[in-house]
Amino acid sequence: MTAVELDAPRATQRNAWRLTLGRFLSDRAAVAALVAFAFVLFASFAGGPIVSALVGHNGFDQFPYATNATLDPAGVWSHVPTTRQVRLDEYSNVLPAPKSSPKTLMVLGADGPLGRDEFIRVLDGGKASIEIGVFAVLISALIAVPFGCIAGFYGGVADAVISRLTEWVMAFPLIFFLVYATIHLTPALRPIGWGHDIPAGVPMVALLIGAFTSFYPLRLVRAQLLTLRNAEFVDSARMVGSSGFRIIRKDLLPHLVPTLLVWGAVAVATDMLLEVGLSVIGVGVQASTATWGTLLAQTTGTIYNAGPSFGGGGAGNHHTTWHTIWPTVCILISVVSLNQLSDSLRRAIEPWRRG
Amino acid sequence: MRRIALFLARRIVGGALTLWAIVTLTFLMYWSLSPQPGRFVYPFGIKVTPYQLHDGARRLGATRPKLTQYGDWWWHLAHGDFGHMWTGATLNDNVLTTAPIGPQLYPAIRETLCILIGGAILAVLISVPLGAIAGRRIGSTADKLISLGALVGVCTHPIVTGKLLTQWFGIDLHWLPVGGYCTFVKHAAPQGLGLPANYQPCGGPVDWAQSLILPWFTFAFLFLAIYTRMIRASVSESLHEDYVRTARAKGARERRVMARHVLPNASLRVLTMVGMDIGTALGVAVFVEFAYGFFGLARLSINAMTGDPGAEATDLPMLLAVVTVIALIVVIGNLIVDTLYAVVDPRTGTADRPGRTKEIAAGVM
């Protein structure tokens with residue numbers, strides 16, 4: 001043993017991901033966004049069942065006495081008779097519920113003429129909305145990565161065709177493609193679902209949104225590969241005899257992970273907003289399934305169910321501004337936190353780039 | 001001059017190609033999704049016999065070879081009209097009556113363009129000073145407030161903005177009309193509809209502006225947020241540029257540095273963005289129109305996709321007309337902005353434009 005060895009400073013091995021994680025966690029805004037989104041996740045996936053167990057009814061139960069005689073819903077924090085049977089007098093006027101009827105608590109009141117629990121529906125709606133966002137991002141990544149790799153790495157005719165198609169589709173408002181495809185594929189795809197965990201309609205909306213938004217990551221992947229394909233490590237891989245497929249899989253795909261992470265965080269938020277748009281138009285998930293989009297659509301009306309904004313007196317009249325505000329606040333919290341998350345991720349991954 | 005002409009020619013060819021591709025894609029998409037045009041002629045109930053479906057399609061001319069129909073569309077377009085729509089087709093005494101598309105389409109274009117142009121001007125007018133204030137001192141209280149506001153603006157769906165603004169300013173405060181478009185020129189009340197004698201349809205510049213204020217703000221709120229963030233970044237970057245230091249070294253006042261050296265460069269980027277965001281803007285216009293009960297291009301296209309309530313089939317001629325107009329707006333808008341850009345910035349002929357930096361706005365387009 002020599003003294004030299006003892007005195008030598010110990011070189012700690014830290015890989016790039018640990019460094020990135022450290023930078024990410026030392027960013028206060030990033031941690032705040034992470035906490036906020038974790039809270040939203042918890043509230044959406046566990047909140048509905050927990051609140052249901054506490055108050056004794058779920059988001060599908062309809063309480064006729066949660067609305068008054070003109071079908072206006074009960075307000076915030078109201079105790080509502082659980083009677084399912086509406087009592088009528090001989091002129092078919094609605095009589096008040098019997099005094100002996102047990103009551104149940106509606107934290108945010110009822111959701112409209114049907115008298116469902118708005119609070120549980122907002123929580124359940126988060127589940128469906130976040131599922132749509134996440135599934136759509138996964139689907140568009142699945143489409144974008146192979147095609148982007150082919151276009152960016154091989155170039156030539158494949159690149160020309162893919163780029164031109166992307167350009168054409170992106171020159172046109174996306175929502176029109178989405179609405180058109182949804183209208184025509186609804187009978188075939190909407191029933192797909194898995195119980196209450198993945199409500200029917202969620203896979204359809206996720207698939208369509210994912211397919212039509214895959215052009216953005218496709219461009220990202222293509223641009224990245226265009227710059228990387230002439231890198232020295234690609235040349236050396238080629239020199240030792242790697243096939244193109246192996247180079248993409250082994251050498252280039254790892255370089256795409258940061259880009260896709262940064263894009264993915266924002267894209268979840270984007271896709272959730274797209275779902276809102278589809279539901280408000282009336283072509284997304286069916287109206288009885290709670291998502292943040294359908295909850296908003298209840299107050300605005302849709303092309304099929306004319307609310308005040310569609311020249312009809314339908315659904316919209318029995319809602320207050322609060323029914324717009326609850327889902328909006330939820331959307332705002334999750335979209336802002338996801339946006340911030342993406343920003344912070346980019347800054348943690350590429351600290352040398354400003355802004 | 002020759003450079004700009006060449007540049008323009010290239011852009012026009014590219015635009016025409018885009019137009020052709022969009023129309024062709026629409027046409028292919030329509031025929032690939034098992035359409036039932038016959039439903040427009042026999043829209044009664046859900047049960048339509050196969051014979052009726054075929055007969056209806058034949059009467060509408062939808063059984064002709066696809067290529068003939070495709071050529072027919074361009075033939076109509078070359079003659080400056082859009083043909084007849086299928087929606088509202090009525091069969092009386094073995095004669096099919098269909099309405100021309102033009103009278104429905106032109107007012108819709110006007111409404112949408114009013115929202116788009118006014119909203120874009122408002123967005124630029126507000127975002128440039130806000131972005132400049134935020135960008136000058138990154139990290140100050142003003143910057144933090146503006147950035148937070150921009151973040152909220154980017155993350156709010158226009159239908160929500162629209163809904164809340166109508167509720168507050170229209171229904172609760174009675175300051176502005178709740179919805180509907182008023183024409184810029186005042187028209188006399190239509191005769192023979194049994195309207196009361198003192199009925200006055202809304203119209204005239206004041207009514208027009210009143211009916212558009214909320215849509216403009218709704219539209220601008222989203223883009224304002226995007227542009228403010230961009231100008232902020234651009235201003236804070238260019239404050240470190242050599243030409244700014246030179247201007248300061250010459251003794252220029254801070255205001256002059258901002259107004260003459262920093263902001264023109266930042267505005268140039270906004271100009272590009274405005275051009276590239278026209279497609280997005282039309283998507284946003286869907287929700288602005290829905291929120292305020294306008295009957296613009298977006299509503300027309302959604303109606304064309306779903307057909308009338310009895311038919312529930314897609315109205316192909318109407319859809320093609322709307323798609324053509326939207327593509328034309330995008331192409332012409334891009335062309336105008338490109339030309340402006342080429343005139344202002346001489347390097348455009350050689351260098352490519354900056355890549356399309358789409359943010360969360362993609363979510364609502």
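Reply: Helices and strands here are DSSP runs numbered from the N terminus, where a helix is H or I over at least four residues and a strand is E over at least two. This is a predicted model, in which local features need pLDDT of at least 70 and side-chain atom pairs count only at pLDDT 80 or more, whereas totals for chains, interfaces and linings use all residues. Residues are numbered from 1 along each chain as its sequence is written, while chains are lettered from A and ligands numbered from 1 in the order in which they are written.

Me: How much of chain B is buried?

Reply: Of the 365 residues in chain B, 40% are buried. A residue counts as buried if 20 or more other C-beta atoms lie within 10 Å of its own, as exposed if 12 or fewer do, and as partly exposed in between, with C-beta atoms placed from the backbone.

Me: What share of the contacts in chain B is between residues 24 or more positions apart?

Reply: Among the contacts in chain B with a separation of 6 or more, such residues account for 72%. Two residues are in contact if their C-beta atoms, placed from the backbone, lie within 7 Å.

Me: Switching topic: which elements of chain B give two or more residues to the side that touches chain A?

Reply: The contact takes 39 residues from chain B and 38 from chain A. On the chain B side, the elements giving two or more are α1 (2-32), α5 (141-155), α6 (158-172), α10 (278-292), α11 (297-306) and α12 (316-344), and α10(B) gives the most, with 7 residues.

Me: How many residues on that side are nonpolar, polar or charged?

Reply: The side of chain B that touches chain A has 26 nonpolar, 11 polar and 2 charged residues. Ala, Val, Leu, Ile, Met, Phe, Trp, Tyr, Cys and Pro count as nonpolar, Asp, Glu, Lys and Arg as charged, and the others, Gly among them, as polar.

Me: Why is α11(B) largely enclosed by the rest of the structure?

Reply: It is largely enclosed because 9 of its 10 residues are buried. Those buried residues are Leu297(B), Ala298(B), Arg299(B), Leu300(B), Ser301(B), Ile302(B), Ala304(B), Met305(B) and Thr306(B).

Me: What covers the buried residues of α11(B)?

Reply: The cover includes α6 (174-189) and α10 of chain A, together with α4 (102-136), α10 and α12 of chain B. Just after α11(B), Gly307(B) takes a positive phi of about 75°.

Me: Last topic, the largest nonpolar core: which residues touch the most other members?

Reply: Val179(A) and Val322(B) do, out of the 174 residues in that core. α10(A) gives the most to this core, with 19 residues. A nonpolar core is a set of buried Ala, Val, Leu, Ile, Met, Phe, Trp, Tyr and Cys residues joined through C-beta atoms within 7 Å.
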